[in-house]
Amino acid sequence: MGALDGRVAIITGAGRGIGREHALFFASEGAKVVVNDLGATNDGTGADISPAQQVVQEIEARGGEAIVNGENVADWEGAQRMINAAIEHFGDLDILVNNAGILRDRVLVNMTEEEWDAVIAVHLKGHFAPTRWAAAYWREQHKAGVVKPRNIVHTSSTSGLFSNPGQSNYGAAKTGIATFSQIVAKELIRYGVKSNTIAPGARTRLTLATPGLEDIMTPKDGVFDQWDPANISPLVAYLASEACVFTGETFLVQGGNVTMIESWARGQSIDRESRWTVADLSDAMTSLQRPG
Ligand SMILES: NC(=O)c1ccc[n+]([C@@H]2O[C@H](COP(=O)([O-])OP(=O)(O)OC[C@H]3O[C@@H](n4cnc5c(N)ncnc54)[C@H](O)[C@@H]3O)[C@@H](O)[C@H]2O)c1
């Protein structure tokens, strides 16, 4: 028996890289999969449905069930059509994995408006729009008395969570996604929906485009391949399964390591029963110290 037997899953950006591995693994665990991918280049330009079609063919060749979907996840109506495609073809939707992503790295002083907008659109709106349409469907189902577990897994990045220079567009979007997931978790728990986020580390065309990373990520004979993108999918399948006990959490995942991320938390404070002056703050603020 598979961990996802009979469940219907949409995986965005599943034509290549990490999403492709999710699609193959989900199908091997018994899920019926909508393989979404626009087929864009690294920077989000262009469109080519063939990588997603190949993933579907591979799933079918292994006896699994899948359909292809070429919608742009950042397109409002396109996202709705993608959710409807799962429901129309497989009769339901249980799992949404928001994974599609692009990069347009640039230091802030050189970043163009277009580079900012494109990355924010694919990541933030590309997480919001599918989630919004899935949530509307799940609320409707819940109101109709169809009560069952549903799962969303979003994709963040250490580039955002740990503030990587040169990626202010991508990092802001990726940290936004982690917060978005926490809010989704709080709003949708009443409909039986769990929402969690991963920040993966794997060898894909996105990371291979980053200077210096190719050497680190090259597999070595006889040693566990820490950077194989297939290492990410079992955690995503767990978070997408009925067995998942988490919601609103973010996990780093790379190789055989899974690490929980601590959310924003209140730290030390200064406090008094009157408005501060700048002069008093200049003294009092020195009592707030970063550990180490
Ligand atoms: N590889 C890593 O180590 C790493 C690290 C942190 C975060 N991530 C995130 O993981 C996710 C997957 O990235 P990857 O490394 O597998 O990259 P990838 O380029 O191999 O795959 C991304 C896929 O998303 C698709 N896509 C892009 N824009 C789309 C759109 N608007 N609509 C539908 N599909 C679209 C692309 O066509 C591509 O197939 C991304 O969200 C990325 O930011 C990856």
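Q: At roughly what angle do the axes of H4 and helix H6 (residues 168-188) cross?
A: In this predicted model, local features need pLDDT of at least 70 and side-chain atom pairs count only at pLDDT 80 or more, while totals for chains, interfaces and linings use all residues. Residues are numbered from 1 along each chain as its sequence is written. Helices (H or I, at least four residues) and strands (E, at least two) are DSSP runs, numbered from the N terminus. The axes of H4 and H6 come within 9 Å, and their crossing angle is roughly 15 degrees.

Q: How are H4 and H6 oriented to each other, roughly parallel or roughly antiparallel?
A: Axes are lines fitted to C-alpha atoms over the stretch in contact, with angles from 0 to 180 degrees between N-to-C directions. Angles under 35 degrees count as roughly parallel, over 145 as roughly antiparallel, 65 to 115 as roughly perpendicular and the rest as oblique. H4 and H6 are therefore roughly parallel.

Q: How many nonpolar residues has the contact of H4 with H6?
A: Two residues are in contact if their C-beta atoms, placed from the backbone, lie within 7 Å. Trp116, Ile120 and Phe128 are among the residues of H4 that meet H6, whose side includes Tyr170, Ile177 and Phe180. Besides five polar and two charged residues, the nonpolar ones number twelve.

Q: Is H3 oblique or parallel to H4?
A: The axes of H3 and H4 come within 8 Å and cross at roughly 45 degrees. That angle makes the relation of H3 to H4 oblique.

Q: Which residues of H4 make the contact with H3?
A: The H3 side of this contact consists of Trp76, Ala79, Gln80, Met82, Ile83 and Ile87. From H4 come Ala129, Pro130, Trp133, Ala134 and Tyr137.

Q: Which strands stand at the edges of the open sheet?
A: Eight strands, with mixed pairing, form the sheet in the order S3-S2-S1-S4-S5-S6-S7-S8. Two strands pair if DSSP finds at least two bridges between them. Each edge strand has a single partner, so one side is left without a neighbour in the sheet; these strands are S3 (65-69) and S8 (257-260).

Q: Which residue in S6 stands opposite Thr155?
A: Strand S5 (residues 150-155) and strand S6 (residues 193-200) pair in the parallel sense over six bridges. In this pairing, the residue opposite Thr155 is Ile198.

Q: Which residue takes a positive phi in the hairpin of S7 and S8?
A: Strand S7 (residues 250-254) and S8 pair in the antiparallel sense over four bridges, and Val253 stands opposite Val258. Two residues lie between the strands of this hairpin. The positive phi, near 60 degrees, is taken by Gly255.

Q: How many charged residues belong to the shell around the ligand?
A: The ligand is surrounded by 33 residues, with Gly13, Gly17, Ala100, Gly101 and Thr204 the closest; a residue is near if its C-beta atom, placed from the backbone, lies within 6 Å. Helix H1 (17-28), helix H4 (113-143), S6 and helix H7 (205-208) each supply at least two of the shell residues. Ala, Val, Leu, Ile, Met, Phe, Trp, Tyr, Cys and Pro count as nonpolar, Asp, Glu, Lys and Arg as charged, and the others, Gly among them, as polar. Twelve shell residues are nonpolar, 18 are polar, and the charged ones number three.
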